[in-house]
Amino acid sequence: MRVIVETWINASTLKCFDAARDLDLHMRSLAHTNEVAVGGRTSGLIGMGEEVTWRGRHFGITQNFTSRITAFDPPSYFQDSMQRGAFRSFVHDHHFVEANGGTRMTDDLEFAAPFGILGRIVDAIVLRRYLERLLVSRAAVIKDACEARA
């Protein structure tokens, strides 16, 4: 399954790029899930090859999720990919394009739940909407942080 969320931010591409990889801002954006960094890099700006392990509560279950930065082209693009976690696959591409004096930030997430056909049904019915809401909420926090700094 795929989720794409575009957000226009009135700030430079570099500010948006750095905000999107700021682990402290990420934790603030997902505070409602009690998500915290518990392993690897746990604070500041994550970079190429670095990993972070998140612990958060999703669907009433506390889960761990380890992600690594697998592509990095500042200030226009980076990718994080799941190394360990509940998904069969989870790859999140972050794009930043200068536009109209600001930045168009695009979150492009491809994911798959485990459990074969049952997982595909869960993807379509539950996970896609849930992850889209998380991305929209996170993008709003990034937008607010970048525009406050602009």
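## The largest pocket

In this predicted model, the largest pocket has a volume of about 810 Å³. Its lining is made up of 38 residues, and His 58, Phe 65, Phe 87, Phe 90 and Leu 131 are the closest to the pocket centre. Two or more lining residues come from each of these elements: α2 (23-29), β3 (51-58), β4 (61-73), β5 (77-84), β6 (89-99) and α3.

Helix α3 gives the most to this lining, with 8 residues. Sorted by class, the lining of the largest pocket holds 25 nonpolar, 8 polar and 5 charged residues.

In soluble globular proteins, nonpolar side chains tend to be buried together. Here the largest nonpolar core has 36 residues, and those with the most contacts inside it are Phe 87, Phe 90, Phe 111, Leu 131 and Ile 142. Helix α3 (residues 116-149) supplies the largest share of this core, 9 residues.

Beyond its neighbours within four places in sequence, Phe 87 is in contact with Phe 65, Met 82, Phe 111, Ala 112, Pro 114, Leu 127 and Leu 131.

## Phe 72 in strand β4

Phe 72 lies in strand β4. Its relative accessible area is 28%, so Phe 72 counts as partly exposed. Setting aside residues up to four places away in sequence, Phe 72 touches Phe 17, Arg 21, Ile 46, Gly 47, Met 48, Tyr 77 and Phe 78.

Between Phe 72 and Asp 108 there is a separation of 36 residues in sequence and of 15 Å in space, C-alpha to C-alpha.

Key
Residues numbered from 1 in each chain as written. Predicted model: local features only at pLDDT ≥ 70, side-chain atom pairs only at ≥ 80, totals over all residues. Heavy atoms only, no water. Core = buried A, V, L, I, M, F, W, Y, C linked by side-chain atoms within 4.5 Å. Buried < 20%, exposed > 50% of the residue type's maximum accessible area, 1.4 Å probe, protein only. Helix = DSSP H or I, 4+ residues; strand = E, 2+ residues; numbered from the N terminus. Contact = heavy atoms within 4.5 Å. 1 Å grid on protein atoms, 1.4 Å probe; cavity = no way out; pocket = protein on both sides within 12 Å on 5 of 7 lines; lining within 4 Å. Points joined across faces, edges and corners; volume = space filled by probe spheres on them. Nonpolar A, V, L, I, M, F, W, Y, C, P; charged D, E, K, R; others polar.
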